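Thank you all for making the time this morning. I would like to walk you through one structure, and I will begin with a question once it is on the screen.

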Amino acid sequence: MLDPTTPSGVDGPASGKRFAAMVNFRRLTMAAVTAIFLIYGGLLASLFYYFDGAHFLTTVASERTLFSVGLSMAAATLATLAALLLAIPAAYALSRYDFPGRQLVDTLLELPLIVSPAALGAMLLIFFTNPLGAWVQEHAMQFVFATAGVVLAQFVTIVGVAARFVKAAFDEVPPRYETAARTLGATPSGAFFSISLPLARNGILAASALTWAKAMGEFGATITLAGTMAMRTETLPIAIYMRLSTADIEGTVGLVLLLVGIGLGALFAARLLTRRRFND
Amino acid sequence: MRLQASLKKKYSGFLLDVDFTVESWRVGVFGRSGSGKSTLVQLLAGLVAPDAGRIEIDGEILFCSDRRINLPPERRRIAVVFQQAHLFPHLNTRSNLLYGYRRTPEARRRIDPDTLIQVLDLQELLDRDVETLSGGERQRVALGRAVLTSPRLLLMDEPLSALDEGLKHQIIPYLRTVFEQFRIPFLFISHSMNEMRLMTDEVVVLHRGEVSEQTTPDALARQRMSWAKSGYINLLKLSNPEPAGDLFAYPFGNGRLLMWAGGPGESVFELSSKDIMLFKGRPEAVSARNLLLCRVGSVTDLENRVGVELDCGGKQLISTVVRQAAEELDVRTGVEIYAVIKASAFRRLY
C-alpha cells in the first residue's frame, strides 16, 4: 500500500541501506571471529616451522619430560579434587543463600584472575615465612620448594575460579525443584544431593575439566612457590620455560604441543558435556 | 481435619493478615491474583516464614511465633501441588512418583503406590522421561507424587490454571476420585469460581491479603452473579442418560433434560443463567428441546437484571432475565413459570 503523502522513493533506498548496514555489521563481527582464530591458529601453526618428528619423540619420551607430564597431571588432578570439595558447597551457598559478606566473597573469587599468578605465588611464599606459615612448614607439611607446593600453588589459583564456574552451574538449576523436594519430605541436604547436585552435574563436570586444564597450565604461582627442580617440582609449563631458556627451540615446540594437546583434550571433553535444558 | 491459621506476612507494598479456622475436608481458597493466595500456600507449607502468627493442624502446632516454633517443610506433612508440575527432569515418571513416598517413614505410609497409579491412570507413563509428558499427564504425576507422601493436608495452588479448558475438566474427575478414595483433606487455591464449586465444600475468600468471608461455594457463586458478565453458572451433576434420537436424555427432577453432549456414568454440565428463558404460560411449540414447569423461589435484584431461583421438580436452577421481562411476566416468589432451555445450551465439563 502506497501512502501518497510519503515520496515513494524514500522508503526503498532507506531500508536498502539499513539492510546493507546489517550485512556489513555481520561481516564486521565475523571478521573479528576470523582474527581471533588466525591469532591462535597462526601461533599454533608457526610451531610446525620448527617441528622435528624425531626430536619431538626423544623430547617427549625422555624421563624428565615424562616426569613433568606425570607431575602436572597428578598435581592438577589433586588440586582440582581439593578445589571442588570446597568449591561445590561454597558455590551452592553463594547461589542459594543471602548472607552478609556474600558480595565480598563473590568478588574475591576472581582474585586469581585479576592478580598475576606470580603475585599469588609471592603471597604464598610470604605466608610461609610468617610465624603461622613457618609453623605449618615445620609441623604439618613442607610446601616451599617442594612437590606439595605445586599442588598448593595450583589449588590456590583455581579454587576461586572453580567456585565461580560451579556457581554458574547451580544458578542454572531453578530453585523450584528444591522447593518441591522439600514439600515432599526431603531435608535441605537431601534435596541438595538428590536434586540440585544431579541437575547441576553437567555444569560441574564442565567446570572440573576447565579447572583441571587451568591447573595443568599454571606457571607463575608454581614456579614462585615450588621452584624449578627437575624431577621434583618441574611441571610441564615450567619444563617449557626451562627448555626455552636453554634455546632448545625444537624441544620447546614438542613440549608446547604436548601441553596444548592435553589442555585442548580436556576442554573438548568439557564441550562434549552438553547443557541440560529446563522446561516445565 | 481442623486447620487454624493466624498469619501475618509483610512484603513491600503487600500485607497478608489472615485468621481463619476450617474443618471441612474440601476447602477452597478463592481470590483474585494478588489477593495473597500463593503467599498463604508458602506460609502454610513452611517455604516462607511468617512475620508473626500461628498454624495448628489437628492439635499439632506447625508454627508459633510466640513459642518460636517453626517446623521445616519436610516435617509438616503438608504436600503441595503447584501451578506447574515441577517434575524433576533427571528422574523418570516412576522415580518422580516415588520421590516423596521413599522419604515417608513406613509407619506413616497409608497409600499404596500401585492403587494410586491405577486411579490416576499412570501405568503407561511410568518408564517415560518426564520431558515427554503432556501438560495434563505432568499434573497427574505431580498430584500422585504429592499424594504418595500420605500428607495430612494437601495444598493445591492453582493446579489447573496452566492447563487449557478441556484438559482441566479431564483432571477434575481424577482429583475427586483420589481425594474420595484416599481421604486426604485439601486446600484448593484458585481464582476460578467453577473450580471452587466442583472441588470444595467450604470457601475462604481472600481479598487484598485479608479473609473477606468464609462461605460455601454455591453461596459465593450466587453472591457474585450480580457482577459476573456471564450471569450465574448452573452446575448440573447428571447421570445415566438414555439415547433420545441424536440427543441424550438425562433424568432431572421429575422430568428429563435433553442435550447434545453426554456420556456414560456421571457427568457435570454447565448451564448459564442467561440461557434459561422464562414463559408465563405453556408455549405451544418451541424449537428449544427442554420445557420445564417450575416454581419461582427467591427473586434477587441485580442492577438491570433479576436473578430468579427456580424449583423444577425438586431441582434448583437459576435464571437471569432483564428487569422489564421480569415485570411483564410478573415473576414473584411462589408463581408457576415455564423454563425453556435449548439442548445446545448445556456444556459438558466432564
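Is the disulfide of B:Cys294 and B:Cys312 right-handed or left-handed, judged by the torsion about its S-S bond? Before I answer, please keep in mind that what you are looking at is a predicted model. The torsion about that S-S bond comes out at about 100°, and the disulfide is therefore right-handed. As for where the two cysteines sit, B:Cys294 belongs to strand S18, residues 290–302 of chain B, while B:Cys312 belongs to strand S19, residues 305–312 of chain B, so the pair ties together parts that are 18 residues apart in sequence. The sulfur atoms of B:Cys294 and B:Cys312 are 2.2 Å apart, and both of these residues are buried.

To the contact between them, domain 1 of chain B brings 5 residues and domain 2 of chain B brings 7 residues. The area buried between domain 1 and domain 2 of chain B is about 540 Å², and carbon and sulfur atoms give 55% of that area.

Which side chains meet in a salt bridge here? They are those of B:Glu309 and B:Arg222, at 2.8 Å from N to O. Across the interface of domain 1 and domain 2 of chain B, the count is 1 salt bridge, and between these two domains there is also a count of 1 residue pair in polar contact.

Now I would like to move over to chain A, and to helix H9, residues 176–183. Of the 8 residues in helix H9 of chain A, 6 are buried, and so this helix is largely enclosed by the rest of the structure. The buried residues of H9(A) are A:Tyr177, A:Glu178, A:Ala180, A:Ala181, A:Arg182 and A:Thr183. What do they pack against? From chain A there are helix H3 (63–96) and helix H10 (188–199), and from chain B there are strand S7 (78–81) and helix H4 (135–147), so named as partners of the buried residues of H9(A). After H9(A) comes A:Gly185, whose phi is positive, near 100°.

Key:
Residues numbered from 1 in each chain as written. Chains lettered and ligands numbered in written order. Predicted model: local features only at pLDDT ≥ 70, side-chain atom pairs only at ≥ 80, totals over all residues. Heavy atoms only, no water. Buried < 20%, exposed > 50% of the residue type's maximum accessible area, 1.4 Å probe, protein only. Helix = DSSP H or I, 4+ residues; strand = E, 2+ residues; numbered from the N terminus. Contact = heavy atoms within 4.5 Å. Disulfide = S-S within 2.5 Å. Buried area = accessible area lost by both parts, 1.4 Å probe. Salt bridge = Lys/Arg side-chain N within 4 Å of Asp/Glu carboxyl O. Polar contact = N/O pair within 3.5 Å; in protein donor to acceptor, adjacent residues only side chain to side chain.
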